[in-house]
Amino acid sequence: MADEATGPGRLVLAATPMGDIGDASQRLRDALGSADIVAAEDTRRTKSLAKSLGVEITGRVVSFYDHVEIARIPALLADIEAGRTVLLVTDAGMPSVSDPGYRLVAACAERDLPVTCLPGPSAVTTALALSALPVERFCFDGFAPRKGGQRREWLRTLATESRACVFFEAPHRLADCLADAVEVLGPDRRAAVCRELTKTYEEVIRGTLAEVAAWAVDGARGEITVVLEGAQPKSADPADLVEEVEALTADGTRLKDACAQIAGENGVSRNELYDAVLVARRDGED
């Protein structure tokens, strides 16, 4: 990739191995050895990666992680405008995909500066391929929300999502996340939990949400990627769902929240379901 070093200034995004060093491309090796500036999420890990690949980094290495990303952008843009090649790498996988980078890409695009990409390892596509689920169409939601209420609200948006959904989760929150998924989406929706992809202890747990949630109770280690099966189309009459709403309200759920949950799970209008509950209550009083 010698032209990257001698051609016009540009930003080069490069995917790095998720675990197995053998996944590093020759283009990544060339880029690490020839870039004028290497912007790294973790400079120590990037230097260690280069050493493992037998590559000497001759350019300047700067940190580029979440808390310094915005502050670093002006200087990197100036380097690119001056004709230098900036190589952006993160700890594993593709920059800007749940990792630092998209702000720098956007800034380059705004200034019409060249941006190119060296493709490579991705936890998203690797998990999809290993899931054994229909994944012709999928969405990627990054990391699941940390707080329980926000997480359950997010899961409700997936109740009628027909595409497979891929998301990341921290190992210490996985059990709670899957328990919430069982509650919101039902126990029978299929899923795959992929941990330590491409690493020594790679493992894929496949089954219903109830099954993978039961597995997660004992704790999981490593980096986690979850693939959730797309929802099957549903067609329901709001009047037929009133009992489900009333069951939730009997357990203390507010009527509006209960209607939102059941409507989301069954693909009906929340307002129509709310009206159906009120009608049923009035009829019950007569």
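Residues are numbered from 1 along each chain as its sequence is written, and side-chain values use heavy atoms, with hydrogens and water left out. In this predicted model, local features need pLDDT of at least 70 and side-chain atom pairs count only at pLDDT 80 or more, while totals for chains, interfaces and linings use all residues.

The sheet comes first. Helices (H or I, at least four residues) and strands (E, at least two) are DSSP runs, numbered from the N terminus. Two strands pair if DSSP finds at least two bridges between them. An open sheet is formed by 5 strands in the order 3-2-4-1-5, with parallel pairing. Strand 3 (60-63) and strand 5 (115-118) are the edge strands, each pairing on one side only. From one strand to the next, the twist averages 25 degrees.

Strand 2 (residues 37-40) is joined to strand 4 by 4 bridges; Ile37 has Val86 as its bridge partner, and Ala40 stands opposite Val89. Strand 1 is likewise joined to strand 4 by 4 bridges, and here Arg10 has Thr85 as its bridge partner.

Buried means under 20% relative accessible area, exposed means over 50%, and partly exposed lies in between (1.4 Å probe, protein chains only). Strand 4 is largely enclosed by the rest of the structure, because 5 of its 5 residues are buried. In a regular strand the side chains alternate between the two faces of the sheet. In strand 4, Thr85, Leu87 and Val89 point one way, Val86 and Leu88 point the other way, and all are buried.

Contact here means heavy atoms within 4.5 Å. Axes are lines fitted to C-alpha atoms, for helices over the stretch in contact, and angles run from 0 to 180 degrees between N-to-C directions. Helix 3 (residues 43-52) lies across strand 2, strand 3 and strand 4, and runs at about 140 degrees to strand 3. Helix 5 lies across strand 1 (10-14), strand 4 and strand 5, and runs at about 150 degrees to strand 1.

With a relative accessible area of 43%, Arg60 is partly exposed. Not counting residues up to four places away in sequence, Arg60 touches Asp36, Ile37, Val38 and Asp79. The C-alpha atoms of Arg60 and Ala35 are separated by 8.4 Å, although these residues are 25 apart along the chain.

Thr90 counts as buried because its relative accessibility is 3%. Leaving aside neighbours within four places in sequence, Thr90 is in contact with Thr16, Glu41, Pro95, Asp99 and Pro100. Ser98 belongs to the loop between strand 4 and helix 5 as well, and is partly exposed at 34% relative accessible area. Most residues other than glycine have a negative phi. Ser98, however, has a positive phi near 60 degrees. Ala132 also has a positive phi, near 65 degrees; it is found in the loop between helix 6 and strand 6 and is exposed, with a relative accessible area of 59%.

On a 1 Å grid over the protein atoms alone, a cavity is a set of points where a 1.4 Å probe fits but cannot get out, and a pocket is an open set with protein on both sides within 12 Å along at least five of seven lines; lining residues have an atom within 4 Å of a point. Grid points are joined across faces, edges and corners, and a volume is the space filled by probe spheres set on the points. Ala, Val, Leu, Ile, Met, Phe, Trp, Tyr, Cys and Pro count as nonpolar, Asp, Glu, Lys and Arg as charged, and the others, Gly among them, as polar.

The largest pocket has a volume of about 560 Å³. Of its 27 lining residues, Ala92, Asp99, Ala123, Phe168 and Glu223 lie nearest its centre. The lining has 14 nonpolar, 5 polar and 8 charged residues.

A search of the whole structure finds 1 cavity of 30 Å³ or more. About 40 Å³ of space lies in the largest cavity. Its lining divides into 9 nonpolar, no polar and no charged residues, and the largest share, 4 residues, comes from helix 8.
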